[in-house]
Amino acid sequence: MIQSETLELLEWPRLCQHLATFAATKLGAFAARRLRLPETQSESLHLLAQTKEVYELENKLSSGLTFEGIQDIGEFLERSELQGILSGQELLAIATTLAGMRRLRRLIDDQEDVPVLTQLVADVRTYPELEQEINRCIDDRGDVADRASPKLGGIRSQIKSVRDRIYQILQGIVQRQGNALQQPLITQRGDRFVLPVKAPQKSAIPGIVHDTSSTGSTLYVEPKSIIGLGNQLRIYQRQEQAEEEAVRRALTEQVATVKPDLEQLLVAATKLDLATARARYSLWLEANPPRFIDPNDREIITLHQLRHPLLVWQQQHEQGTPVVPINIQIQPQIRVVAITGPNTGGKTVTLKTLGLAALMAKVGLFVPAREPVELPWFEQVLADIGDEQSLEQSLSTFSGHIRRISRIIEAIGLGGRGDAETRGRGEKRAGGAGGAGEEEETRRIRERGNSSPFPIPDSQFPIPNSQFPIPNSQFPIPNSQFPIPNSLVLLDEVGAGTDPAEGSALAIALLKYLADHAQLTVATTHYGELKALKYQDERFENASVEFDDSTLQPTYRLLWGIPGRSNALTIAQRLGLNPLIVDQAKTLVGSSSEDVNQVIAGLEAQRRRQETKEQEATGLLQQTERLHQEVSDKAKLLQDRERELKLEQEKAVQKAIAQAKEEIAKIIRKLQQGPASAQNAQKATKALEEISQRHLPQVPKAKPKPGFRPQVGDRIRIPRLNQTAEVLTAPDDDGELTVRFGLMKMTVPLRDVESLDGQKAEIVVKKKAAPVVVPPPPTPVRTSKNTIDLRGSRVADAEFELEQAIGQAISSGVLWIVHGKGTGKLREGVHAFLARHPLISRFELAGQSDGGSGVTVAYLK
């Protein structure tokens, strides 16, 4: 079908392969490589909600969501239901999957504001009792453990006893008959123990020959004396195998009883892993979440700085060239966009970029464009890109295009009819049992899988190529009966591959038809007649890829509102075609075509001048804002300086007044010595004080200048890294905070950050707590009960006596051990015993007054 062809043309499988690399499990990678396109907008919104919540968790949690232990156990579940017996490794995989999913569910339940993910894991059952039983019966190597059953433990004890007896007998033979052996070793052939006997001396060790060497010089003989034990060992081993199989069968039956719940667990794990892969891929692309707009609400399609995701991958992983983003802004009345311009200018890449953006939004991926990302939800994305020429099918380039376009038109017609039918079914479900209707629809979609909803072969479409252009009246889907299908149609080189006049007429008729029957059509062309459709019908718009006349190179930028020039002759000359041929071609083109190209070139030049002026105006505005900020900062500094000078002047005046008062006081003291003039002096002093209070303002107390205190969500600068970052956590008591810039998170001290306007952060001085004075422990008293004399004892005897002495000295908490000086061997043995004793906290040599190096003091816990 045309939908699958479109996915191949847009290289969608390659993008899915890139997405699969971000999955954590095999199930998630498998689902990513076979990503299914949602059939309803509500399903796409649900997938986007999952991606957004995982995206937030990835930024919030240090390690993100972890899928450790989760494995693909689907095949094991199927075999358990068929009464097969699972191996130990397979049972262990089921146990680790249950544990991994339980950890994942617990992590999601502990988070807030993740309702979609919480709902996804709400009904998951992880059966901890089944996991514990498997871990009890199966060890880490996948073998059945001895503790699985008492009978198995007894059998293995008997096996060990028989095997030890066999080894004992064989060791005796090796020691007695060593000359008859090639090597003094015990080996096995099958499950029988044998000795490598020299062929000429096989009679020295009678028994059964189980194997010979390649040269025949060595015979591997099971001695006659252990044949009975070997048979007995084989019986026990078969009993062991039977008991192990019984244990694994019992565990398998337990797994089979909960198979539906475990399958639901796998589905939830796959959805979570796929959502995580979408979020991590979107984070890697630096993409933004899309918003689906309603075409009936007259909203504008907005995709600023849109990048081709495959080219981004190529740039990052394959050292490709930098990706040139494009800007797409389509008015609500526009139905057809005709993109013109030179070859190799990026027209086809533009089509693929737009198609991939629509598909990425549809499956719940973020779109690699700058916010806001706004586009419709397209039910179908249909494309005719490339050359479908086929010698095997006798198809020319033109025929191949027409065959594919015919399939596109048929898909659009069926899509419109399908919309009406779907709405009819939805109304019936709304009036009846909604839950049952949704389950039936889900079952129908599951059965259909990834196939097209309209499996009708191409042979049933009787639309021969010769009937183009086809008037709208010939199509049995009038607009009054069915609304315009919500489809995106991408056509590359529409009408190419045939006579230019007929191809142009066919392209015009086709685009007019698509304007009536598709939500949006974007077509690339070299036909000049298509450029004039914009001026005849408001539903048409022109766009072009820019071509730099100075360098004779395309810039890959998309220009809106201006038709492009093919520049075929210019490109041919740049590629080395004979200039005489190019000059003759220019004369054959005619003056009218040259005039049109000159007009378009003039429009392009005018647009570039406007863009240059806009950039200059933007630069001037930024410079003005910067200068305004600088002036504001300088004005603030001047105000602060003025305030400081005023305070200094007032302090100087106060100081002068104080000096004057002091001088006046001296005068008063002198005047008080006289009887009459002292009162006059006091009055003069009071008058001076009143004057100073009336004319001098009160000195305000300088308020401490508030420092910059970063809060969560603030944007700050880190000068030493020359980076702008976002604050994730507030500063702690140590003056450290967590920030993020780009994809990196790191912890930095307050002294290394500043606000965007250059303010340094306020450093909080952490008050040191007063040291707690711990009183020295009381000096222990040495008595006969806590003293032991080991002089003359051996180390082994001393350890026994020490053990008894320690038990008696527990109440006193200390033990004096007299071991003497001598050679020091006894002291070293005592110290080694004390170092490993669990009741001894520490020990040391006694002081000189208590015996010095001849006595050790041991402190008990």
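## Phe 366 and its partner Tyr 55

In this predicted model, Phe 366 counts as buried, since its relative accessibility is 2%. The ring of Phe 366 pairs with that of Tyr 55, and because the two centres are 5.2 Å apart with the planes at 45 degrees, the pair is classed as tilted. Tyr 55 belongs to helix H4 (residues 41–60), whereas Phe 366 lies in the loop between helix H13 (347–362) and strand E9 (370–376), so the contact ties together parts that are 311 residues apart in sequence.

## Other aromatic contacts

The structure holds 7 aromatic pairs. One of them brings together Phe 22 and Trp 313, whose ring centres are 6.5 Å apart and whose planes meet at 75 degrees, so this pair is edge-to-face. Phe 22 sits in the loop between helix H2 (12–20) and helix H3 (26–33), while Trp 313 is part of helix H12 (residues 309–317), and the pair thus links distant parts of the chain, 291 residues apart. Phe 22 is buried at 18% relative accessibility, as is Trp 313, with a relative accessible area of 12%. Together with Tyr 281 and Trp 284, Phe 22 and Trp 313 form one aromatic cluster.

Two tyrosine rings also have an arginine charge placed over them: the charged end of Arg 189 sits over the ring of Tyr 220, 3.9 Å from its centre, and the charged end of Arg 842 sits over the ring of Tyr 859, again 3.9 Å from the ring centre.

By residue class, the lining of the largest cavity divides into 8 nonpolar, 2 polar and 2 charged residues.

## Backbone features

The peptide bond joining Glu 371 and Pro 372 is cis, with omega about 0 degrees, and Pro 372 lies in strand E9.

Gln 83, although not a glycine, has a positive phi of about 65 degrees; this residue is placed in the loop between helix H5 (74–81) and helix H6 (88–109), and at 73% relative accessibility Gln 83 counts as exposed. Tyr 127, likewise not a glycine, has a positive phi of about 45 degrees and is found in the loop between helix H7 (115–122) and helix H8 (128–137). Tyr 127, however, is buried, with a relative accessible area of 9%.

Terms used: Residues are numbered from 1 along each chain as its sequence is written. This is a predicted model: local features need pLDDT of at least 70, side-chain atom pairs count only at pLDDT 80 or more; totals for chains, interfaces and linings use all residues. Side-chain values use heavy atoms; hydrogens and water are left out. Rings of Phe, Tyr and Trp (its six-membered ring) pair if their centres lie within 6.5 Å; planes under 30 degrees apart count as stacked, over 60 as edge-to-face and the rest as tilted. Helices (H or I, at least four residues) and strands (E, at least two) are DSSP runs, numbered from the N terminus. Buried means under 20% relative accessible area, exposed over 50%, partly exposed in between (1.4 Å probe, protein chains only). A charge sits over a ring if NZ of Lys or CZ of Arg is within 6 Å of the ring centre and within 35 degrees of the ring normal. Ala, Val, Leu, Ile, Met, Phe, Trp, Tyr, Cys and Pro count as nonpolar, Asp, Glu, Lys and Arg as charged, and the others, Gly among them, as polar.
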